[in-house]
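Biologist: I would like to go through this model with you, one question at a time. Could you show it first?

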Amino acid sequence: MTFTFYLLCGLTLAGAVAAMSLRNLVHCALSLAVAFGGLAGIYLQLDAQFAGFAQVLVYVGAVAILIVFAVLLTRGSEPANEPIYSTRWFVGLGVATGVFAVIASAVMASKALPLGPLSAPTVVIRDLGDQLMTRYVLPLEVLGLLLTAALIGAVIIALHDNPPKTGDAK
Amino acid sequence: MNPLAGYLLLSAVLFAIGLAGAVTRRNAIIVLIGIELMLNAANLNFIAFWRFGKNPEAMTGIVFVIFSIAVAAAEAAVGLALIIAIYRHQKTTNVDRLDSMKG
């Protein structure tokens, strides 16, 4: 447990808490980007360079911006004085606390956690590309199909439906 | 403390924060943000177990995380499109008021 781990840990958790508790939705989206950036730093610390940079590209670059666009497109939907939490928020908080208690107790009680190799694993991007093109080529193709279908579906769902012509039966 | 346990606890806290936000907030976009946080907590677990596991040269953890990131991006795109479509019809993104299918 090094100092950088605690620093990145604090950054990630502060961003996550702010994303879940701020009132202004744009601030929530920006806090989410901070949390994703902290997670990318943790991936880099864990010697997973490709996953870290993919996290920056996809989450900080794309998903956070997508959420900001959605916030701006649905702007003005709520009056400012409405409470941001649902009426029975304490039930949800209790469920989340219970889930955390179960996972944390399981982690702390486990005696079989591997200590890991002391030296960092030497994984280069070339090996990753080789694996993706040989062993994991079928999942990769399926993933490409899934992404294409999902993005076409998203465009079709969000398309403006034409207003019904006057005289048409509704 | 075992270094792996620190990462697993961070992941558990992140998951709990995302779950708490997803079930308590009223805005559908924030609910989606909470789900994204939970997915990221799962990704952190994959990376941590890969790094401290027996055979890191196999790269299973990283490959799984790459696939998971791509699927999460597709999920975010479809989810936000659904929220925008619902907003266009109902003029609200408050999940408490979207109860027209309630019996």
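Modeller: In this model A:Ala48 touches A:Tyr43, B:Ile47, B:Arg51 and B:Ile62, leaving aside residues up to four places away in sequence; two residues are in contact if their C-beta atoms, placed from the backbone, lie within 7 Å. The model is a predicted one, in which local features need pLDDT of at least 70, side-chain atom pairs count only at pLDDT 80 or more, and totals for chains, interfaces and linings use all residues. Residues are numbered from 1 along each chain as its sequence is written, while chains are lettered from A and ligands numbered from 1 in the order in which they are written.

Biologist: Is A:Ala48 buried or exposed?

Modeller: A:Ala48 lies in the loop between H2 and H3 of chain A, where helices (H or I, at least four residues) and strands (E, at least two) are DSSP runs numbered from the N terminus. A residue is buried if 20 or more other C-beta atoms lie within 10 Å of its own, exposed if 12 or fewer, and partly exposed in between, with C-beta atoms placed from the backbone. Because A:Ala48 has 28 C-beta neighbours inside 10 Å, it counts as buried.

Biologist: What covers the buried residues of H3(A)?

Modeller: The buried residues of this helix are A:Ala51, A:Gly52, A:Gln55, A:Tyr59, A:Val63, A:Ala64, A:Ile67, A:Ala70 and A:Val71. An α-helix has 3.6 residues a turn, so residues three or four places apart point the same way. The cover over the buried residues of H3(A) includes helix H2 (25-45) of chain A, together with helix H2 (28-52) and helix H3 (60-90) of chain B.

Biologist: How far apart are the end C-alpha atoms of helix H3 of chain A?

Modeller: H3(A) bends by about 25° at A:Tyr59, the bend being the angle between axes fitted to the seven residues ending there and the seven starting there. The expected span is 1.5 Å times one less than the number of residues, so the 25 residues of helix H3 (residues 49-73) should span 36 Å. The end C-alpha atoms agree with this, being apart by 35 Å.

Biologist: What radius of gyration does chain B have?

Modeller: Chain B has three helices and zero strands, and its C-alpha atoms fill a box of roughly 50 × 25 × 20 Å along the principal axes. The radius of gyration is taken over C-alpha atoms, and the globule rule is 2.2 Å times the number of residues to the power 0.38. For 103 residues a compact globule would come near 13 Å, whereas chain B has 17 Å.
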